[in-house]
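Here's a quick tour of a few spots worth a look. Have the sequence and the 3D view open as you read.

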Amino acid sequence: MNNYKIALSLLALSLSITSCKTAITQNNETPTQADYWKQISADSMAVNLKVLTSDEFEGRRTGEPGQKKATEYLVNFYKQRHIAHPKQTDSYLQPVPAAFMRKAMMRLKDSENVMAFIEGSEKPEEVLVISAHYDHMGILLDQIYYGADDNGSGTVAVMEIARVFKSLEQQGIRPKRSVLFLHVTGEEFGLFGSEYYVKNPIIPLKDIVANINIDMIGRKSDKYTKEGDYIYIVGADRLSKDLHQMSEQANAASVNLDLDYTYDALDHPEQIYYRSDHYSFAKKNIPAMFYFNGTHADYHMPTDTYDKIEFDLLKKRTQLAFATAWTILNADQRPQINKL
């Protein structure tokens, strides 16, 4: 049995572990709406992240064999949990052709976005997109750039949020609106996967109520000097004060992290707002926000490895993303665009 088969075995083991936990919840607890975010599991994310950041996946560079293996792993994850692809498609994949990425800093091969979908109970035509890029930099100068934080952390967070949504659905609990789980490719070389999606949307753009993007949430930044657990929030109020308020509300009702808006400043020199996949949605006037822990010494280095992920912190931030998504999905009205 090679390492990749071992990886798929670990995925199946993760499924059985989380299924057992779900059964315990069903038999012994009746959680309130405010408690659903507590079902996010660090153990589940750890299993998936260890696989995706292993040598076998070769740093997941867009179009290369390691990224293709990551694609297969993601699809199997959703299939095994009976989380469907969007009904508008006949598969979990949206091909992203190499020709679309020809302006990249290096030549890229054909790739694909991965999509999964859970339908809402009352307003199924209205859809929240929860996204993360799953590509990284691959192998450079014979070294693997593992991308555990960037963006293995966001990838497994989206997977885990989807797992909990499906667990709730199996208990007869669905949000009012639908949710699209979108793993995009080509981010490291130009936001290509998300740009391709908004130019070739599976869900009509008018029906997308907001985008929650997750890109690096597994570490602490060298630049963050305050005490306590935090997350940087970028873009929540750029287009919609409603989205900002829902984000704040969800945080107060769940993990109560320090929400830091440093990178949201219009004049911030790093201009992070324009550098992750939420921006592809924002350019289409869709309210969009992005969770980000900030950079660190291992950012875009071969040393961004699994062993440095802080899983307790990753869990809290994923719980926040889930709570925010649940708030948006069940609000009386979708986030409104700011009036000029």
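## What sits over helix α6

This is a predicted model. Start with the buried residues of α6: what covers them includes the strands β7 (208–214), β8 (230–234), β9 (258–260) and β10 (288–292), along with helix α8.

Which residues of α6 are buried? They are Leu243, Met246, Ser247, Ala250 and Asn251. Those residues take up an arc of only 130 degrees around the axis, so they lie on the same side of α6.

As for length, α6 runs over residues 241–252, and its twelve residues should span 16 Å at 1.5 Å a residue; the end C-alpha atoms are 17 Å apart, which agrees.

## Helix α8

Helix α8 covers residues 311–330 and reaches 28 Å from its first C-alpha to its last, close to the 28 Å expected at 1.5 Å a residue.

## Glu126 in strand β3

Now over to β3 (residues 123–133), the strand that holds Glu126. Is Glu126 buried or exposed? Its relative accessibility is 15%, so Glu126 counts as buried, the cut-off being under 20%.

Setting aside neighbours within four places in sequence, Glu126 is in contact with Arg177, Ser178, Asp207, Val209 and Arg334.

Conventions
Residues are numbered from 1 along each chain as its sequence is written. This is a predicted model: local features need pLDDT of at least 70, side-chain atom pairs count only at pLDDT 80 or more; totals for chains, interfaces and linings use all residues. Side-chain values use heavy atoms; hydrogens and water are left out. Helices (H or I, at least four residues) and strands (E, at least two) are DSSP runs, numbered from the N terminus. The expected span of a helix is 1.5 Å times one less than its number of residues. Buried means under 20% relative accessible area, exposed over 50%, partly exposed in between (1.4 Å probe, protein chains only). Contact means heavy atoms within 4.5 Å. The arc is that of the directions from the helix axis to the C-beta atoms.
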